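Open the structure in your viewer and keep the selection tool at hand. The tour below goes from the whole chain to single residues.

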Amino acid sequence: MAKPAQGAKYRGSIHDFPGFDPNQDAEALYTAMKGFGSDKEAILDIITSRSNRQRQEVCQSYKSLYGKDLIDNLKYELTGKFERLIVGLMRPPAYCDAKEIKDAISGIGTDEKCLIEILASRTNEQMHQLVAAYKDAYERDLEADIIGDTSGHFQKMLVVLLQGTREEDDVVSEDLVQQDVQDLYEAGELKWGTDEAQFIYILGNRSKQHLRLVFDEYLKTTGKPIEASIRGELSGDFEKLMLAVVKCVRSTPEYFAERLFKAMKGLGTRDNTLIRIMVSRSELDMLDIREIFRTKYEKSLYSMIKNDTSGEYKKTLLKLCGGDDDAAGQFFPEAAQVAYRMWELSAVARVELKGTVRPANDFNPDADAKALRKAMKGIGTDEDTIIDIITHRSNAQRQQIRQTFKSHFGRDLMADLKSEISGDLARLILGLMMPPAHYDAKQLKKAMEGAGTDEKALIEILATRTNAEIQAINEAYKEDYHKSLEDAISSDTSGHFKRILISLATGNREEGGENLDQAREDAQEIADTPSGDKTSLETRFMTILCTRSYPHLRRVFQEFIKMTNYDVEHTIKKEMSGDVRDTFVAIVQSVKNKPLFFADKLYKSMKDGISQLGVISPTIMPTRGYLAISGHIFGHHNLESVATSIWWGESRDAAEHPQCTRQACATRNYPARKAKAEKCTQGPQGWVGPSLCPLRAHNLSGDTGSPMTNSRQRSQACPSLLEEPRPRWPPCQPLESSLLTACTGRRVGRNLRPSAYSLQM
């Protein structure tokens, strides 16, 4: 059995069998294979309940007792995938790896994925054992065979990994970390072409602890994770190998969890990959793989194997897996502890709501009314002035301006604004000018009028507003449209969806704290609903999710995880469908973290490009300006970063920027492919892409505080600047300017885009 590091807990699923007798096992296996046919159940039961060390003793005893090779007999008696799995378990780990690599490079073609998986994930000691086993089994040199079957930088990196000389010292030099970050950055992002040798040297030799710090610092310095740079700079099998190395450096169990999931998802099963991983990790880190698999994919490894395989092959794999993490309570300490700890923290954490729009100091409604009138008078419209005033006044102050405007000029400010501006900018500005309750009422009215219904708008508003806000919306709806909101919902929706919306529209949610006993009963109530009983399930969820207080529901969600090993959101998505599912999911997400719910909505509304930008104007920005629109709560992105990146038509995935802040919004989203082609020279409209130009806030020296302002520094870092003037951003469009101003609480004019130079938050 593989021994864990000193002081480390054993995380394999296969253990030494107590009372082990190799002669007795050898006799039992001989009997199982004797005569016509074979007792496959007996074979798999013995082999999967013994450690690899014990299996080697059984092999020796078998040969001593019967003069036969046990592995040869197993090959003769068994067939197909079951045979490959059992034979793989009977070989020592190093010899099993050697056989896999031999098969990968034999014959026509090469199984590069197999080579990558094995050589990117093994430790120095495992690599040395592999080389020796290959030499012993095939009387050939593994390095020579790999060189003969691969080429280019892919070959070079494989040879480096094959040496098994990765540093293992846990003591890390901060200076060396900074130097490696600088070398990687210069070898890729700052270089015309790519210096692959630098990537090979650093990723192939530095210790894992060192590389983790390098990856963290690389993200801080360049604004993108190392994986993004590898994808942008490398290609083909070499790119896949380097990404595998990075994943194994970050977390080897997570790498294998991902490999297992991909091997079984979709049509068909990649059985060679499944067998190789289950055999090789069963005595190393299978429990860690299971835990990560369950947390990441919301299903247990056991259940996925069970649904994807069959026969003795399935039974053997399930025994190697070691347990079902979907079994409620049984494996909770292993599989659901991460999710539970997150909920433990959420139970005591309180989200501080911070708005970006605050009452203006020295507010003068007369002066503002006159300035707005002047901005709209005559030919043309001064949109900058309108944006500047409206986005820097609280809603109460805007109502005073409306009243003052009518008193001074006998005109309706809303009507004037509507006639002077148009499109998404008009929708946003007019939304900001309305009282919040009347604005929500208008959005609900628009969602239900005409042909069809905008269910998403109904869900977003009714699932996220407080009791007081709901009551105000009801009053505003009645005042503006002379009809009750409940009647409007009843006439435009149906079924359970209608019942849920009406329940939410009453605004009668409890407002007290949590009750632990009641929370357990509520969790049991929704956990006990039989699968397939859709009507009962929806009714029980509605009764609890639409009436209980937010603190109480958080506790219910915790207890639900304890009882089922599933997050309540996962259960809703699995068991329900359509608008009912979407409403319940919105409620759950709002209960968990309302700012994050709106952040996700904002990101999704903009991630597909400029055509989606107007979607955020009428639904979120005007209503959340005082509550929670703050850059740091926007998941991994922040609002400025997304709005700025949308302008360029490329919004990066949120996972690529886990530490994105306002300060970096203008230096992280410019497409790398453009700057690589332009090589920090003049770009579109006569400007330099800041994401790649060394003038960025995170300068080449690693000092992440200020841009390079010394002319000699700038000219050395980017020689093209000797001929080109300092770059300028293209002018903001009015809608973007107003969105960014509302998001940041700062003036963003048409000739000043937010950047690391101008926004020091």
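What follows is a list of selections in a predicted model, with a short note on each.

**Whole chain.** Show the chain as a cartoon: there are 43 helices and zero strands. The chain has 761 residues, and 52% of them count as buried. Its accessible surface comes to about 33,900 Å², with 49% of that belonging to carbon and sulfur atoms.

**Salt bridges.** Side chains of opposite charge can pair when their charged atoms come close. In this chain the count comes to 43 salt bridges.

Select Glu-258 and Lys-296 to see one of them, with 3.8 Å from N to O. Which of the two is buried, and which is partly exposed? Glu-258 is buried because its relative accessible area is 15%, under the 20% cut-off. Lys-296 has a relative accessible area of 39% and is partly exposed.

Next select Arg-281 and Asp-285. They form a salt bridge whose closest N and O atoms are 2.9 Å apart. Both Asp-285 and Arg-281 are buried.

Then move to helix H36 (residues 568-575), which holds both Lys-573 and Glu-569. The two are four residues apart, about one turn of the helix. Their closest N and O atoms are 3.1 Å apart, in a salt bridge. Glu-569 is buried, at a relative accessible area of 12%, whereas Lys-573 is partly exposed, at 45%.

**A positive patch.** Switch to a surface view and select Lys-113, Lys-240, Lys-265 and Arg-270, which form a positive surface patch. Arg-270 sits in the loop between helix H16 (252-264) and helix H17 (271-281). With 46% relative accessibility, Arg-270 counts as partly exposed.

**Two loop residues with positive phi.** Return to the cartoon and select Glu-139. Where is it? Glu-139 is in the loop between helix H8 (124-138) and helix H9 (142-149). It is not a glycine, yet its phi is positive, about 50°. Glu-139 counts as exposed, at 70% relative accessibility.

Select His-482 next, in the loop between helix H30 (467-481) and helix H31 (485-492). His-482 is a residue other than glycine with a positive phi, near 55°. Its relative accessible area is 68%, and His-482 is exposed.

**A buried phenylalanine.** The last stop is Phe-597, in helix H37 (residues 578-606). Is Phe-597 buried or exposed? Phe-597 counts as buried, since its relative accessibility is 6%. Show what surrounds this side chain, leaving aside neighbours within four places in sequence: Phe-597 is in contact with Glu-460, Thr-464, Ala-586, Gln-589 and Ser-590. One of these, Ala-586, is 11 residues from Phe-597 along the chain, and their C-alpha atoms are separated by 7.7 Å.

Conventions
Residues numbered from 1 in each chain as written. Predicted model: local features only at pLDDT ≥ 70, side-chain atom pairs only at ≥ 80, totals over all residues. Heavy atoms only, no water. Patch = residues over 30% accessible without salt bridge, like charges linked within 9 Å, V, L, I, M, F, W, Y side chains within 5 Å. Areas by Shrake-Rupley, 256 points an atom, 1.4 Å probe, with all protein chains shown as cover. Salt bridge = Lys/Arg side-chain N within 4 Å of Asp/Glu carboxyl O. Lys, Arg positive; Asp, Glu negative; His and termini not counted. Charge placed at Lys NZ, Arg CZ, Asp CG, Glu CD. Buried < 20%, exposed > 50% of the residue type's maximum accessible area, 1.4 Å probe, protein only. Contact = heavy atoms within 4.5 Å.
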